[in-house]
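Hi everyone, thanks for making time for this. Please have a look at the model on the screen, and then I'll walk you through it.

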Amino acid sequence: MMGQLTEKWATDIWEHLRYKWHTGMVAWVIHRVTGIGITVFLGLHIWSISKVYGGEESFRQAMDLFRTPMFKVMEIMLFGAVIYHTMNGLRLIWVDFFGGAKYHKQLFWGFMSAGGAIFIAGAVFMFSHIQW
């Protein structure tokens, strides 16, 4: 009897504490993650530009690192992060200022579809310029 009560209590607590992974929650989490990723890129970009002050050889070494296939794939990931962050930001503007809260899920999927099309077109172009 006591074991059943403990199990029910634990199940009830779990149901109240876990996140409800709906469209809005997923959009919120991905928006934060892409924002952090874009910020990390900005730091890397500032670091690489600062290599100019270390002389031509220092800058050339940094640029050679960025020409590797790994960094090219990371560029494509950055492209995807920027597109997602932009499209979700436009969706949020629509929801906040133009009464879109009633149909925010449809707006999410509409903006993500447009962003997906832009990403595919851009990624194909970017992949075609990677020298493996």
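Predicted model: local features only at pLDDT ≥ 70, side-chain atom pairs only at ≥ 80, totals over all residues.

**Salt bridges, a packed helix pair and a core**

Let me begin with Glu56, which counts as exposed because its relative accessibility is 59%. For the cut-offs, buried means under 20% relative accessible area, exposed means over 50%, and partly exposed lies in between, with a 1.4 Å probe and protein chains only. Residues are numbered from 1 along each chain as its sequence is written, and side-chain values use heavy atoms, with hydrogens and water left out.

Back to Glu56, then. Which residue does Glu56 form a salt bridge with? The partner is Arg60, and the closest N and O atoms are 2.5 Å apart. By salt bridge I mean a side-chain nitrogen of Lys or Arg within 4 Å of a carboxyl oxygen of Asp or Glu. Glu56 and Arg60 are 4 residues apart in helix H3, so about one helical turn separates them. Helices here are DSSP runs of H or I with at least four residues, strands are runs of E with at least two, and both are numbered from the N terminus.

Arg60 is partly exposed, at 39% relative accessible area. Arg60 also forms a salt bridge with Glu57, with the closest N and O atoms 3.4 Å apart. These two are 3 residues apart in H3, which again means about one helical turn. Glu57 is partly exposed at 46%. Put together, Glu56, Glu57 and Arg60 are linked in a network of salt bridges.

The structure holds 4 salt bridges, and another one of them joins the side chains of Asp64 and Arg67, at 3.0 Å from N to O. Asp64 is partly exposed at 41%, while Arg67 counts as exposed at 53%. As a general point, side chains of opposite charge can pair when their charged atoms come close.

Now let's see how H3 packs. The axes of helix H2 (residues 23-50) and helix H3 (residues 56-66) come within 8 Å and cross at roughly 145 degrees. Those axes are lines fitted to C-alpha atoms over the stretch in contact, with angles running from 0 to 180 degrees between N-to-C directions. Which residues make the contact? From H2 they are Leu44, Trp47 and Ser48, and from H3 they are Phe59, Met63 and Phe66. Contact here means heavy atoms within 4.5 Å.

Have a closer look at Ser48 in helix H2. Ser48 counts as buried because its relative accessibility is 5%. Leaving out residues up to four places away in sequence, Ser48 touches Phe59, Met63 and Phe66.

Next, the core. The largest nonpolar core has 9 residues: Ala27, Ile83, Tyr84, Met87, Val95, Leu107, Phe108, Phe111 and Met112. Such a core is a set of buried Ala, Val, Leu, Ile, Met, Phe, Trp, Tyr and Cys residues joined through side-chain atoms within 4.5 Å. Helices H4 (69-97) and H5 (104-127) each supply at least two residues of this core. Beyond its neighbours within four places in sequence, Met112 is in contact with Tyr84, Met87 and Asn88.

To zoom out, the protein chain has 5 helices and 0 strands. Of its 132 residues, 22% are buried.
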